[in-house]
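Here is a short report on ring contacts, helix packing and backbone details. Please keep the sequence and the model in view while reading.

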Amino acid sequence: MNPATETVTRRITYDDAIVRGFVWASVAWGAIGLLVGLVIALQMSFPFLSFDTSFLTFGRLRPLHTNAVIFALVGNMMFAGIYYSTQRLLKTRMASDLLSRVHLWGWQLIILGAAITLPLGITQSKEYAELEWFLDIAVVLVWVAFAINFFWSLAIRNEKNLYVAIWFYISTILTIAVLYIVNNLSLPVTGTKSYGVFSGAQDALTQWWYGHNAVAFFLTTPILGIMYYFLPKAADRPVFSYRLSIVHFWALVFIYIWAGPHHLLNTALPDWAQSLGMLFSLMLWAPSWGGMLNGLLTLRGAWHKVRTDPVLKFFVAGVTFYGMATFEGPLLSIKSVSALGHYTDWIIGHVHSGALGWNGFMAAGMFYWLVPKLYGTKLHSQKLADYHFWIGTFGILIYVAAMWVSGISQGLMWRAELGDGGLQYPDWNAIINSQQLMYVARSIGGGMFVLGWLLMAYNLVATAMAGRATTIEAEVAVTRIAPLPGEPTTIQLVCSKPVVLSFLGLGAATLFAMPSVGLAVLGFVLLAAIVAFAAGMLFRSTAQGRHTWHEHVESRPLAFTVLTLLAVVVGGVFELLPGLITDKQVPLAQNGEMCVKPYTALELTGRDVYVREGCYVCHSQMIRPFRSEQIRYGAPSRIEESMWDHPFQWGSKRTGPDLARVGLKYNEAWHWDHMLDPRYGQPYSLDQNLSIMPAYPWLYDQKADAAIAADKMRVLKKLGTPYTDEQIANAGGDYRAQAAAVVANLTTQGKEGADPDSEIVALIAYLMRLGRNLEPAGSQAASIEGGR
């Protein structure tokens, strides 16, 4: 025995009550989130299912669905897996039972808060970050409690080295904290309303840095950690390759953080940011598939078990869906492919192949393995679990295939032109309704997945009722290894050759992404040389099973945490800093006035109504530089047009047409009629080219909150919007004057009796403003066909 090694035994009582709490929370909230998703899928074919009720519209329910699936279903499942595996990998109970309970119940209260506020329209309108400021604070506090408990447990662990699953948990805790805090920085106006500190292109870049990496570090890295623990346990086989897990982890953590701008390809975002996002997205193919192969090859010698074990069925299918989704993601980040697929249903199919196939099936597999152990009994019915697997699998395949067909068809129809240069499909409703067969198929596939989830819920409840909650005690061998003379310190590990090479590689990759051909070639040559040198070092140092440097890092949680944080922060700084530190230059017209003026008090109020109703989930405000879009919508959007938008409204899906120039296309009366009844009195049917947009009759009765317009302008001024003190002081009078002008126009156009204090008047004022930032004053609205 090594003289510096001391081995003792200790009895550990694991806290599995916290695991049970998160398991049942995931199952229950997951059922709710999936059912809401089924409702909004059906609304795409049967728009009357909103029942002309504000809190049942697609725009308000869709954020509830995404938040419930991400933070309630996957979030609670992730926490259950982390609490169960961490205690066993560290050979210790979680450091604080109190912090564990704060985490469990605090998280459920946040989800409940989201379930109440989002249907009420209390939202920041930022995808996957819709929660308002008071819930954001709660998220941060609960996350801090979770982080303290986790890292405290690392400090008191009884196992020297950290297993690969712990690496992924560390990256999740650190990165989500950074992402969430930066993206949700805001100034409150009232108890339920705030404005983010970023606007326009800055906000777009920050939002998709967060949005993409929320997928990476909330829906991917922790589930990979769960895969590395539970898949080998279920298969009774060791992980296929420890070396591959090292490469997988560091490559994934470092590269993923850079890829956010691929959500903004072909927009007004600077080309360098788009190219950087595309480059790193393509690089993600390697580590993503490395992780998938490491998971599947762990089953070597155990594939025969997959035929009879439903747990392994779900794990194998889940990892396979992960591979499919991580192949499709980089593919969609190629500019030419994004030009076809972005804003279409193809993106919906891509997202759901990951959310349902990867996250949903990994959750099911973990629950089927975990619940019998938590209750000291056998699974109630393996046959029901098999039914769940096959129903869910075919449901996902139907869903995804339908969205592929629908999305690619939409992309082709949007850009199709006639020989004379006109659009072949100028009527938007005709394009959307041509895909109704696919929408119905999507609802059927989604319904099958929901049915499978409900079968699982029954099976798990029956299993729990057949047993009883168990308290697991284990006698563990505790090995304490004292630091040996000559071992590197934490500082030396952080400043070691692999870290230096990584930073050099970062510089070379940045050069490679530059628009200059010379710099790009130089960057490629340097990057290739650094990668070759680093690979040689790696294989020499790991010869004969030795992983000296990484073994030192694994045994030093502080060093590991610092290196992980550096890998994440460096990418974020390089991606975000150039856009965030650039001063806003306000374009001036020839007469010296600002071309892009801030919204008036009435327009700002109307914009907040637009945000509240979730219009951004179906409409973009970003015309891409394609001929077909210029014909359909007008001149391509320019980056300065949205410079005062808190938050930006570029959108990510077009169920309805783009609205960036809508103020130049329709008059006030058109908007009045369209919002009141988008189908103009005709009953909707699948075989007619009618709008699937819900009606908004409450906007005509509800009074706009004009009294706080000045407060909103005051907050926005602090955030850089150039409101003058005079404009803020006169906000009330200006509001009433512009509202009266809108009502006068409506009256002239045959719509009498409009209330100037109503929300519809404010919304119309905002919609009439869109497209006029860079247009000559006095532009007249012209009618065109189509509309959602």
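Is Met 366 buried or exposed? Met 366 counts as buried, at 0% relative accessibility. Buried means under 20% relative accessible area, exposed over 50%, and partly exposed in between, with a 1.4 Å probe and protein chains only. Met 366 is found in helix α14. Helices here are DSSP runs of H or I with at least four residues, strands are runs of E with at least two, and both are numbered from the N terminus. Met 366 and Phe 314 are 52 residues apart in sequence, yet 8.6 Å apart in space, C-alpha to C-alpha.

This is a predicted model, in which local features need pLDDT of at least 70, side-chain atom pairs count only at pLDDT 80 or more, and totals for chains, interfaces and linings use all residues. Residues are numbered from 1 along each chain as its sequence is written, and side-chain values use heavy atoms, with hydrogens and water left out.

## Aromatic pairs

The structure holds 53 aromatic pairs. Rings of Phe, Tyr and Trp (its six-membered ring) pair if their centres lie within 6.5 Å; planes under 30 degrees apart count as stacked, over 60 as edge-to-face and the rest as tilted.

Take Phe 230 and Trp 369. Their ring centres are 5.4 Å apart and their planes stand at 80°, so the pair is edge-to-face. Phe 230 lies in helix α7 (residues 221-235) and Trp 369 in helix α14 (residues 345-374), so the contact ties together parts 139 residues apart in sequence. Phe 230 is buried, with a relative accessible area of 0%. Trp 369 is also buried, at 12%.

Trp 258 and Phe 280 make a stacked pair, 4.5 Å centre to centre with 10° between the planes. This pair links distant parts of the chain, 22 residues apart: Trp 258 is in the loop between α8 (242-256) and α9 (271-283), and Phe 280 is in helix α9. Trp 258 is buried, with a relative accessible area of 0%. Phe 280 is buried at 1%.

Ring pairs also build a cluster. Its members include Phe 22, Phe 71, Tyr 83, Trp 107, Trp 143 and Phe 218.

Two rings carry a charge. A charge sits over a ring if NZ of Lys or CZ of Arg is within 6 Å of the ring centre and within 35 degrees of the ring normal. The charged end of Arg 88 sits over the ring of Tyr 84, 3.7 Å from its centre. The charged end of Lys 373 sits over the ring of Trp 369, 4.2 Å from its centre.

## Helices

Helix α9 has 13 residues. At 1.5 Å a residue they should span 18 Å, and the end C-alpha atoms are 18 Å apart, which agrees. The expected span is 1.5 Å times one less than the number of residues. The buried residues of α9 include Ala 273, Leu 276, Gly 277 and Phe 280.Two packed helices are described by the angle between their axes and the distance between the axes. Axes are lines fitted to C-alpha atoms, for helices over the stretch in contact, and angles run from 0 to 180 degrees between N-to-C directions.

| Helix pair | Axis distance | Axis angle |
|---|---|---|
| α1 (residues 17-43) and α17 (residues 436-466) | within 10 Å | roughly 160° |
| α15 (residues 382-415) and α17 | 7 Å | about 155° |

α1 and α17 are therefore roughly antiparallel to each other. α15 and α17 are therefore roughly antiparallel as well. Angles under 35 degrees count as roughly parallel, over 145 as roughly antiparallel, 65 to 115 as roughly perpendicular and the rest as oblique. The crossing of α1 and α17 is left-handed, and so is that of α15 and α17. A crossing is left-handed if the near helix is turned anticlockwise from the far one by less than a right angle, and right-handed if clockwise.

Helix α7 also holds Pro 232. Pro 232 counts as buried, at 11% relative accessibility. Pro 232 and Gly 295 are 63 residues apart in sequence and 8.5 Å apart in space, C-alpha to C-alpha.

## Backbone details

Where does Pro 647 lie? Pro 647 lies in the loop between α24 (627-633) and α25 (668-676). The peptide bond from His 646 to Pro 647 is cis, with omega near -5°.

Phe 51 has phi near 55°, a positive value in a residue other than glycine. Phe 51 lies in the loop between α1 and α2 (58-90). Phe 51 counts as exposed, at 54% relative accessibility.

Tyr 680 has phi near 50°, a positive value in a residue other than glycine. Tyr 680 is placed in the loop between α25 and α26 (709-718). Tyr 680 is partly exposed, with a relative accessible area of 43%.
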